[in-house]
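Visitor: I would like to go through this structure with you slowly, one question at a time, and with the criteria stated as we go.

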Amino acid sequence: MAWTWFHRLASPPHIYRVAGRLTPWLAWPAAALIVAGLIGGLVLAPPDYQQGDGYRIIYVHAPSAWMSLLVYSTMAVAAAIGLIWRMKVAHAVAASCAPIGASFTFAALVTGSLWGAPMWGTYWQWDPRLTSELILLFLYFGYMGLRSAFDDVQRADRVSAVLAVVGVVNVPIIHYSVTWWNSLHQAPSVMRLGEPTMPPSMLVPLLMMLLGFTLFFGALLLVRVRGEVLSRERTASWIREALQP
Amino acid sequence: MSNSGAIGQDPAARVRAHETSAARTRNGGESSVSALTAARLILARDLKLAFRKRSQLVQPLAFFAIVTTLFPLGVSPELSRLRPMAAGVVWAAALLSSLLALELLFRDDAQDGTLEQYALSGRSLTWLLAAKTAAHWLLTGLPLALMAPLAGMALGAPPAAVPGIIASVAVGTVALSLIGSIGAGLTLGIRRSGALLSLLTLPLEIPVLIFGARATELAIGGAAYGVPLQLLAALAVLGLTLAPLAASAAVRINLE
Amino acid sequence: MSAFLDMGGYAAYVWPSYAVTLAVIALNIVWAQRLLKRSRKEALRRLTIGGTEA
């Protein structure tokens with residue numbers, strides 16, 4: 001019984017239809033949360049004890065960094081499912097994740113460097129979190145580069161899936177070693193707030209942004225997966241029906 | 001690359017011959033060639049073949065020497081200025097040299113069909129690739145570990161640091177060969193894969209670089225380097241258990 | 001209002017950060033939609049060329 005549900009979920013025409021219908025249910029709440037978070041973070045939250053208004057970058061930096069890791073994990077899980085159960089849809093999800101993750105990793109790097117700049121006096125420091133994000137960006141590029149090196153989509157799917165799984169095992173190791181490396185040289189991390197604990201007026205907009213970005217990721221995935229599924233399907237029978245507007 | 005000699009001498013062919021005879025025995029029973037024996041045969045084969053092209057063996061080492069030389073030329077001839085960066089330079093050069101030799105890890109065997117034979121042989125491809133990776137380390141990593149103290153001393157390291165440098169680079173290059181084998185397996189069918197191979201492999205090797213350079217740096221400074229060396233060894237062991245598996249998955253996909 | 005825009009002196013860091021992030025969000029929306037549109041067009045083209053393909 002549960003197996004037929006799972007099997008149906010995996011079928012491309014089903015995914016195409018369901019994804020299309022679900023998208024607004026994720027997209028609009030995402031938009032609302034992000035707007036609310038922006039207002040809360042920029043206007044309503046009080047200035048920080050140490051960093052004044054400069055800390056407000058956290059409302060875009062933290063969600064971006066969160067996205068960079070969330071998306072990579074999703075990509076790896078989808079890749080593993082695609083490898084183990086040979087589900088085309090899972091591979092489509094993994095393929096869709098990469099550009100999203102890479103772009104938010106880039107955003108995390110830029111916002112992180114801008115956040116530290118007034119404190120550091122330079123636009124870049126080998127801060128452990130920024131260094132980890134940079135390496136993550138390289139991992140994304142490697143994944144996308146490997147995919148594009150194959151003409152055959154099936155092979156691209158499966159080879160890059162192995163890379164994604166290897167990468168996800170490595171991410172915690174990389175993070176640990178970079179933190180360890182940084183601590184040896186006692187460089188202070190400035191991306192921390194002066195407040196001992198975050199008051200709700202600061203915390204709530206942050207949570208809204210985190211949730212809003214997550215839902216946004218879901219909506220983006222739904223749109224992209226539909227396109228990926230279409231381009232992977234050769235037999236046209238369901239496509240003809242699905243594409244009649 | 002010249003094909004191996006007479007069928008009777010070629011270990012790969014002997015593995016295949018053993019396999020067909022084993023197939024005639026009762027299935028599921030003991031085969032006459034265990035995975036370990038097959039691995040040993042392949043290790044011997046790879047080493048033998050590599051020694052036929054000695055010039056190719058030397059290239060990664062020459063590359064290592066040249067890269068090391070770039071730094072004094074680019075920075076300063078003063079050893080006092082070089083010594084603080086000696087560990088990092090040695091390790092960066094080692095990573096790049098190890099990469100150089102990676103392309104050849106599977107390529108020749110993929111081209112002449114040997115790799116496919118391994119995959120079809122019924123023997124665990126994981127073990128066979130582990131054997132090839134071991135050969136790669138013996139041919140690249142170990143020589144690098146022996147050369148590294150020379151590079152270190154050229155950059156200002158004291159002679160007392162030699163054992164520590166050898167130990168750290170030897171253990172680290174094991175991990176590098178293993179991680180590299182994954183990259184080589186992934187890019188098997190891709191032409192001119194050099195840049196992509198580097199892009200894939202180097203980020204994964206960064207923890208090795210961090211712990212290895214730290215161990216080497218401590219050794220150069222005369223301090224105890226046990227902690228980072230153990231972390232390095234842990235990475236090598238992790239690589240030993242996981243990398244051949246991932247590499248064989250990648251190779252199988254690419255051979256389909 | 002100008003105090004808001006000034007962001008306590010951090011304006012040069014805060015506003016570009018928000019701009020970049022919102023640009024990335026917008027870029028993702030456009031990119032995803034464009035990809036879907038292209039896939040649909042491709043699929044329709046394959047349909048008109050020849051029924052079910054191998």
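Visitor: Which residues does A250(B) touch, not counting residues up to four places away in sequence?
Guide: This is a predicted model, in which local features need pLDDT of at least 70 and side-chain atom pairs count only at pLDDT 80 or more, while totals for chains, interfaces and linings use all residues. Residues are numbered from 1 along each chain as its sequence is written, and chains are lettered from A and ligands numbered from 1 in the order in which they are written. Taking contact to mean that two C-beta atoms, placed from the backbone, lie within 7 Å, A250(B) touches V159(A), V162(A), I182(B), G185(B) and L186(B).

Visitor: Is A250(B) buried or exposed?
Guide: A residue is buried if 20 or more other C-beta atoms lie within 10 Å of its own, exposed if 12 or fewer, and partly exposed in between. A250(B) has 27 other C-beta atoms within 10 Å, and therefore it is buried.

Visitor: In which helix is A250(B) found?
Guide: Helices here are DSSP runs of H or I with at least four residues, strands are runs of E with at least two, and both are numbered from the N terminus. On that basis chain B has nine helices and zero strands, and A250(B) is found in helix α9.

Visitor: How are α6(A) and α9(B) oriented where they pack?
Guide: The axes are lines fitted to C-alpha atoms over the stretch in contact, and angles run from 0 to 180 degrees between N-to-C directions. α6(A) and α9(B), the latter covering residues 226–255, pack at an angle of about 175 degrees with their axes 9 Å apart. Angles under 35 degrees count as roughly parallel, over 145 as roughly antiparallel, 65 to 115 as roughly perpendicular and the rest as oblique, so α6(A) is roughly antiparallel to α9(B).

Visitor: Which residues of α9(B) make the contact with α6(A)?
Guide: From α6(A) the contact takes R155(A), R158(A), V159(A), V162(A) and V166(A). From α9(B) come A246(B), A249(B), A250(B), I253(B) and N254(B).

Visitor: How many residues of the side of chain A that touches chain B come from α6(A)?
Guide: The contact takes 21 residues from chain A and 18 residues from chain B, and on the side of chain A the elements that give two or more residues are α5 (128–148) and α6 (153–184). The largest share of that side comes from α6(A), with 13 residues.

Visitor: Which residues have the most contacts inside the largest nonpolar core?
Guide: A nonpolar core is a set of buried Ala, Val, Leu, Ile, Met, Phe, Trp, Tyr and Cys residues joined through C-beta atoms within 7 Å. The largest such core has 162 residues, and those with the most contacts inside it are M75(A), A94(A), V162(A), A148(B), L232(B) and A250(B).

Visitor: What does A148(B) contact, leaving aside its neighbours within four places in sequence?
Guide: A148(B) is among the residues with the most contacts inside the largest nonpolar core. With those sequence neighbours left aside, A148(B) is in contact with V90(B), A94(B), I165(B), I166(B) and V169(B).

Visitor: How far apart are the end C-alpha atoms of helix α3 of chain A?
Guide: The expected span of a helix is 1.5 Å times one less than its number of residues. For the 28 residues of α3(A), residues 58–85, that should give 40 Å, which agrees with the separation of its end C-alpha atoms, 39 Å.
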